[in-house]
Every structure is written in C-alpha cells, then in structure tokens.
Amino acid sequence: MIDQFTLTEWTMEHVILRMIVAMVLGSLIGIDRGAKKRGGGARTDAAVCLGAALVMITAQYMELAFPGKTDISRLAAQVISGVGFLGAGSIIVSGRQVKGLTSAASIWICACVGLAAGIGFVDGAVIVTLVLLTGLHILPALEEHIYHYSRYVRLYIEAQSGQTAPVLIHKLKADGCKIDMYDVDKPRAGGQSFTILITIYIPVKLDKEEYLNSLAQVDGVLSVDAL
C-alpha cells in the first residue's frame, strides 16, 4: 500500500512540493560534488533533478488528462537513457587515466531522484540521496584502506628506449610477479621517453614499497610512479 507521504495525489500543493524536493535533493548532491572540485556541481545536478521531476509530473498530467491514451513510463525511460549525454560530457580521458566517472554517475542518479520526486515517491528520493551522500564520503576512505593492502599495483613507468620494456618484463617474471595488463606508448617526437603502463601482482614475500623502488633502479628506467 502506498504511503501518504509519497505525495502521489494530484494537487497543486503536492506538485509544488515535488518540485521543491527535487530541487533541494539535486542541489545537495551537486554541492557535495562541487565542494570536492568535481564535475557536475549544484546548478547542473539541481537542473537535471528538477527537469526529470517535471517530466514525471507532465507524464502524470497526461495520464489524467488523456486516460488510457498515454504510457506514463515512456517519458521516464527517455530521461534515464537521454541524460547519458550530460554524463559523457563530464568524463575526461587523460592519457591512460579516465576521470569523471563518479560525476557522470551522480548526474544520472540525480535524474533518477528527480523522476522519483516528480511522481511523488518522495521518501524513496530522500533515502537514495542520503545513502548516496553517505557512500560518497565513506567509500573513498574504505577504498584507500583496502587498496593500501592490495598486492595489485598499476605503474606508470618512463623509459629511455623501447629496449627497456623486455628487460623490465624479464625482471618482473623472475621475481614471481604476475602481469595483469601491459602497454607501451612510443614517443611522438625525438628525445622523448617511452611510456610503459603496467598492472602487476606483487607476491606477498616481497615488500611492496621496496620492490617498487628496486624497479626504478632497472637500467633504462627513468621513473616509476604508482597510479
């Protein structure tokens, strides 16, 4: 049975409350992202959330005005798929790193929150927003703790020449490391260094920090950075 707090009844007061809730929840998510200097921001997320709410309000209005002639779920489906272009705009590919995926996901979930608020499922919209904001603050610390003890390491290595790569691979295999991913970028201009991007598993018997320092001592290796 639908709770009365969902504001699903079609009244002007409920419509206004739905829009306000969508605006507030979208702003909260955007402010959290903006405070961390991430993509999205309060204005973007608030606009997405409010726009999605209006779509659902319009869909409900169409169902009331033209009963049996519309499908209230079709507009919602278009929002969920169509908001992807905004998320794609916040994703940045820099070299071999991809940034902005969390911002893209937050924009998408803002649209979902707006749809929920727009149809009157306010309690669900509020709960999801609170869970999202809590997760965005707790998960980074949890990830950092887990990754600190992970034996998998992604390395960005600069080498003098392409001949350094086979030497490095030979050392890794000889030391019992497992190579999960491996790629070499040739320099585009003379005098530039080769770039090696590699993900390895370091055996438990080796100290991770000391081993990474030993890789920097390999002939031809200019620098080793853990990503």
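Reader: Which residues touch the most other members of the largest nonpolar core?

Author: This is a predicted model, so let's look at what it shows. Its largest nonpolar core has 19 residues. Strand E3 (152-159), helix H7 (164-174), strand E5 (194-201) and helix H8 (208-215) each give two or more residues to this core. The members that touch the most others are Leu-155, Ile-157, Leu-168, Leu-172, Ile-196, Ile-198 and Leu-215.

Reader: What does Ile-157 touch, if I skip residues up to four places away in sequence?

Author: Ile-157 is one of the residues with the most contacts to other core members. Leaving out those sequence neighbours, Ile-157 touches Leu-168, Phe-194, Thr-195, Ile-196, Ile-198, Val-221, Ser-223 and Val-224.

Reader: How are H5 and H6 arranged, roughly parallel or roughly antiparallel?

Author: Helix H5 (residues 101-119) and helix H6 (residues 122-148) pack with their axes 8 Å apart, at an angle of about 160 degrees. Angles over 145 degrees count as roughly antiparallel. So H5 and H6 are roughly antiparallel.

Reader: How many residues of the contact of H5 with H6 are nonpolar?

Author: On the H5 side you'll find Thr-102, Ile-109, Val-113, Ala-116 and Ala-117, meeting H6 residues that include Val-122, Thr-129 and Leu-136. Two residues of this contact are polar and none are charged. The nonpolar count is nine.

Reader: Is Gly-41 buried or exposed?

Author: Gly-41 sits in the loop between helix H1 (12-35) and helix H2 (42-65), and touches Gly-30, Arg-33 and Gly-34, not counting residues up to four places away in sequence. The cut-off for buried is under 20% relative accessible area. Gly-41 has 12%, so the word for Gly-41 is buried.

Note on methods: Residues are numbered from 1 along each chain as its sequence is written. This is a predicted model: local features need pLDDT of at least 70, side-chain atom pairs count only at pLDDT 80 or more; totals for chains, interfaces and linings use all residues. Side-chain values use heavy atoms; hydrogens and water are left out. Axes are lines fitted to C-alpha atoms, for helices over the stretch in contact, and angles run from 0 to 180 degrees between N-to-C directions. Helices (H or I, at least four residues) and strands (E, at least two) are DSSP runs, numbered from the N terminus. Angles under 35 degrees count as roughly parallel, over 145 as roughly antiparallel, 65 to 115 as roughly perpendicular and the rest as oblique. Contact means heavy atoms within 4.5 Å. Ala, Val, Leu, Ile, Met, Phe, Trp, Tyr, Cys and Pro count as nonpolar, Asp, Glu, Lys and Arg as charged, and the others, Gly among them, as polar. A nonpolar core is a set of buried Ala, Val, Leu, Ile, Met, Phe, Trp, Tyr and Cys residues joined through side-chain atoms within 4.5 Å. Buried means under 20% relative accessible area, exposed over 50%, partly exposed in between (1.4 Å probe, protein chains only).
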